[in-house]
Amino acid sequence: MTRSIKLSVDDVSKTFRVRGGRYTEDHLLPVLRHISFDVQEGEIVSLIGESGCGKTTLLRIVQGLVRLDRGEIRVDGKSVTGPGRDRGFVFQQATLLPWRTARANVEFGLELQGMPASQRHKKAQELLELVGLGAAGEQFPHQLSGGMQQRVGLARALAIDPSILLMDEPFSALDAQTREILQRELLRIQHETGKTILFVTHDLDEAIYLSNRVIVLGAKPGRIKKIIDIPFGPNRPELPEMRGDMAFQAIRSEMWELIRNTHAAAA
Ligand SMILES: Nc1ncnc2c1ncn2[C@@H]1O[C@H](COP(=O)(O)OP(=O)(O)O)[C@@H](O)[C@H]1O
Ligand SMILES: [Mg+2]
């Protein structure tokens, strides 16, 4: 079976020009160097690397909000020149509109698309049910827990039916239990929708548990150290059980070594 390529990151490099700080003049901060990978339809691919290695910058380049110095991003074969509805986002903070109910938050993007109200309501309700919030549509964000807010954020991102979902440490502000529940939920939702996901995390277990492939980034500047295939299929055991698996442990130590070497090199 050949699957189509949803996202191509093709030889992307980025250097920021940074002002002030301990330097009197502008200086150049190389952040990403020669990053290339593809994400195929229906895959979950994680980017992992230490804080500051350029994960968010790479995601914002894919989003079309940060300009790249060289290389190209393609979504469904089309070159990215700015933000677009073919890419959905979920970030660490759900950033819901506080004056809108959960349902109205999910409907927001559909409103912008000019979808008629009745159709919008129906679609929002389906999505709220998909993320396990079928009964919470009339609640306002301040009435929802952090985990529920992230569920609404996910429903909102799915509403526009993007080609690819970009997620930047979406569970890292949650407590450990909620986090594990949402990781499992994300796998279920991905299974039900077939969505393609590019997921950023600095958590090794999370990356292995969620992904078909993990891209390990080195730091200063961010570069690909290795792309690791995860040998667990769609019916993978839950994370606590997976942690006892030899293959899981082997991959985990390999990743840890790769990331640690980066530290050694940078020190
Ligand atoms: N707009 C910007 N201007 C200058 N430097 C930036 C900017 N955004 C990020 N950086 C720097 O780029 C590096 C990578 O940041 P980031 O992509 O946020 O890393 P990560 O998400 O992996 O923690 C950091 O050193 C950060 O300070
Ligand atoms: Mg980041």
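This is a predicted model: local features need pLDDT of at least 70, side-chain atom pairs count only at pLDDT 80 or more; totals for chains, interfaces and linings use all residues.
I began with ligand 1 and asked which elements supply its shell: strand E1 (5-18), strand E2 (27-40) and helix H1 (55-63) each give at least two residues.

**Entry 1, around the ligand.** I looked up which element gives the largest share of the shell around ligand 1, and it is H1, with three residues. Then I listed the residues that surround ligand 1. They are Phe16, Val18, Leu29, Val31, Gly49, Ser51, Gly52, Cys53, Gly54, Lys55, Thr56 and Thr57. I sorted this shell by class and noted five nonpolar, six polar and one charged residue.

**Entry 2, the domains.** Next I checked how the protein chain is divided. Domain 1 takes in 1-86 + 172-234 + 254-267, and domain 2 covers 98-161. I noted 26 Å between the centres of the two domains, taken over C-alpha atoms. How many residues of domain 1 are in contact with domain 2? I found 10 residues of domain 1 in contact with eight residues of domain 2. On the domain 1 side of this contact I noted five nonpolar, two polar and three charged residues.

I moved on to helix H2 (residues 102-112) and helix H3 (residues 117-130). Their axes come within 9 Å and cross at roughly 125°. H2 and H3 are therefore oblique to each other. I also looked up the hand of the crossing of H2 and H3, and it is right-handed. From H2, I wrote down Ala102, Arg103, Val106, Glu107, Leu110 and Glu111; they meet Arg120, Lys123, Ala124, Leu127 and Leu128 in H3. By class, I have six nonpolar, no polar and five charged residues in the contact of H2 with H3.

My last stop was H3 with helix H4 (residues 146-159). At what angle do H3 and H4 pack? I noted about 135°, with the axes of H3 and H4 9 Å apart. This pair, H3 and H4, is therefore oblique too. The crossing of H3 and H4 is right-handed. On the H3 side I found Lys123, Ala124, Leu127, Leu128 and Leu130, and on the H4 side Ala155, Leu158 and Ala159. I counted classes here as well: seven nonpolar, no polar and one charged residue make up the contact of H3 with H4.

How values were computed: Residues are numbered from 1 along each chain as its sequence is written. Chains are lettered from A and ligands numbered from 1 in the order in which they are written. Domain bounds come from an automatic or database domain assignment. Two residues are in contact if their C-beta atoms, placed from the backbone, lie within 7 Å. Ala, Val, Leu, Ile, Met, Phe, Trp, Tyr, Cys and Pro count as nonpolar, Asp, Glu, Lys and Arg as charged, and the others, Gly among them, as polar. A residue is near a molecule or strand if its C-beta atom, placed from the backbone, lies within 6 Å of it. Helices (H or I, at least four residues) and strands (E, at least two) are DSSP runs, numbered from the N terminus. Axes are lines fitted to C-alpha atoms, for helices over the stretch in contact, and angles run from 0 to 180 degrees between N-to-C directions. Angles under 35 degrees count as roughly parallel, over 145 as roughly antiparallel, 65 to 115 as roughly perpendicular and the rest as oblique. A crossing is left-handed if the near helix is turned anticlockwise from the far one by less than a right angle, and right-handed if clockwise.
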